[in-house]
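Student: I am new to this structure. Could you show me how to read it, feature by feature?

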Amino acid sequence: MQNDTGFELAQINVSRLLAPLDSDLLSGFTAALDEVNAAAEAADGFRWRLQDHTGDATAIRVFDDDWLIVNMSVWRDPQSLSAYVYGPVHRAVLGRRRQWFAAPVEAMTALWWVPAGHRPTPAEAERRLTGLRAAGPTPEVFTLRHTFPAPAPAGR
């Protein structure tokens with residue numbers, strides 16, 4: 001299925017660790033990373049994910065906070081992202097998140113439309129998440145629960 005709007009869906013998800021990544025407490029999470037990342041990359045509608053030279057993003061910092069880890073990716077549309085998030089591989093890890101991460105006290109996930117082929121930076125994603133926290137869902141930044149359509153293609 002093609003998205004012919006000329007836009008793709010970017011997302012950021014941050015989580016506050018309950019312990020260092022190399023701790024016994026986080027061993028189940030770190031052991032699942034390769035499988036979860038592979039499932040994302042194989043998912044219909046997947047376009048890109050943030051990663052460092054090791055193939056994951058756990059060493060990339062956001063908001064100048066060593067206890068936050070970040071996941072960023074780009075998808076064809078909200079439906080493809082949702083299918084992955086609630087698919088069996090990711091859902092199994094999602095169901096265990098309270099073992100590894102603090103309960104959120106503010107928005108930790110944000111979505112926004114980017115021109116097809118654009119790969120957002122962590123700084124860009126931080127601005128979007130901060131905007132969501134300040135104003136709630138808008139056409140510029142939103143959530144899976146409250147999405148907005150992609151901007152109209154140029155010339156239409």
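Student: Where do I begin with the nonpolar core, and which residues have the most contacts inside it?

Tutor: Start with the general idea. In soluble globular proteins, nonpolar side chains tend to be buried together. Now the case here, in a predicted model. The largest nonpolar core has 24 residues. Leu-26 and Phe-29 have the most contacts inside this core.

Student: Which elements give two or more residues to this core?

Tutor: They are β1 (7–16), α1, β3 (68–75), α2 (78–85) and β4. Helix α1 gives the largest share, 5 residues.

Student: What is Leu-26 in contact with, leaving aside its neighbours within four places in sequence?

Tutor: Leu-26 is in contact with Leu-17, Ala-19, Pro-20, Leu-21 and Trp-100. There is also a second, separate core, with 20 residues. Among them are Leu-68, Val-114, Leu-132 and Val-141.

Student: Now the rings. How is a pair of aromatic rings described?

Tutor: By two things: the distance of the centres and the angle of the planes. The structure holds 7 aromatic pairs. One of them joins Phe-29 and Trp-100. Their centres are 5.6 Å apart, with 50° between the planes. That pair is tilted.

Student: Where in the chain do Phe-29 and Trp-100 lie?

Tutor: Phe-29 is in helix α1 (residues 27–42). Trp-100 is in helix α4 (residues 97–100). They are 71 residues apart, so the pair links distant parts of the chain.

Student: Are Phe-29 and Trp-100 buried or exposed?

Tutor: Both are buried. Ring pairs also link Phe-29 and Trp-100 with Phe-101 into a cluster.

Student: Why does the pair of Trp-113 and Phe-142 count as tilted?

Tutor: Look at the angle. The planes of Trp-113 and Phe-142 stand at 45°, so the pair is tilted. The ring centres are 6.4 Å apart. This pair, too, links distant parts of the chain. Trp-113 is in strand β4 (residues 109–115). Phe-142 is in the segment after α5 (122–135), 29 residues apart from Trp-113. Both Trp-113 and Phe-142 are buried.

Student: On to the sheet. What is the order of its strands?

Tutor: Read the strands across the sheet, by partner. The order is β2-β3-β1-β4. The sheet is open, has 4 strands and shows antiparallel pairing.

Student: Which strands stand at the edges?

Tutor: β2 (46–49) and β4 do. Each has a single partner strand, so one side of each is left without a neighbour in the sheet. From one strand to the next, the twist averages 25°.

Student: How many bridges pair β2 and β3?

Tutor: The two strands pair over 3 bridges, in the antiparallel sense. Trp-48 stands opposite Val-74 in β3. Helix α1 packs on the sheet and touches β2 and β3. The direction of α1 makes about 140° with that of β2.

Student: Let us take single residues. Is Ser-15 buried or exposed?

Tutor: Buried means under 20% relative accessible area. Ser-15 has 16%, so Ser-15 is buried. Ser-15 is found in strand β1. Beyond its neighbours within four places in sequence, Ser-15 is in contact with Trp-67, Leu-68, Ile-69, Phe-101 and Met-108.

Student: Why does Asp-24 count as exposed?

Tutor: Because its relative accessibility is 73%, and exposed means over 50%. Asp-24 is found in the loop between β1 and α1. The C-alpha atoms of Asp-24 and Thr-5 are separated by 45 Å. The two residues are 19 residues apart along the chain.

Student: What should I look at in the loop between β2 and β3?

Tutor: Look at Phe-63, which is found there. Its phi is near 55°, a positive value in a residue other than glycine. Phe-63 is partly exposed, with a relative accessible area of 26%. The charged end of Arg-133 sits over the ring of Phe-63, 5.2 Å from its centre.

Student: What is the phi of Asp-64?

Tutor: Asp-64 has a positive phi of about 50°, although it is not a glycine. Asp-64 has its place in the loop between β2 and β3. At 85% relative accessibility, Asp-64 counts as exposed.

Notes
Residues numbered from 1 in each chain as written. Predicted model: local features only at pLDDT ≥ 70, side-chain atom pairs only at ≥ 80, totals over all residues. Heavy atoms only, no water. Phe/Tyr/Trp six-rings, centres within 6.5 Å; stacked < 30°, edge-to-face > 60°. Buried < 20%, exposed > 50% of the residue type's maximum accessible area, 1.4 Å probe, protein only. Lys NZ or Arg CZ within 6 Å of the ring centre and 35° of its normal. Core = buried A, V, L, I, M, F, W, Y, C linked by side-chain atoms within 4.5 Å. Contact = heavy atoms within 4.5 Å. Pairing = 2+ DSSP bridges. Axes fitted to C-alpha atoms, helices over the stretch in contact; angles between N-to-C directions.
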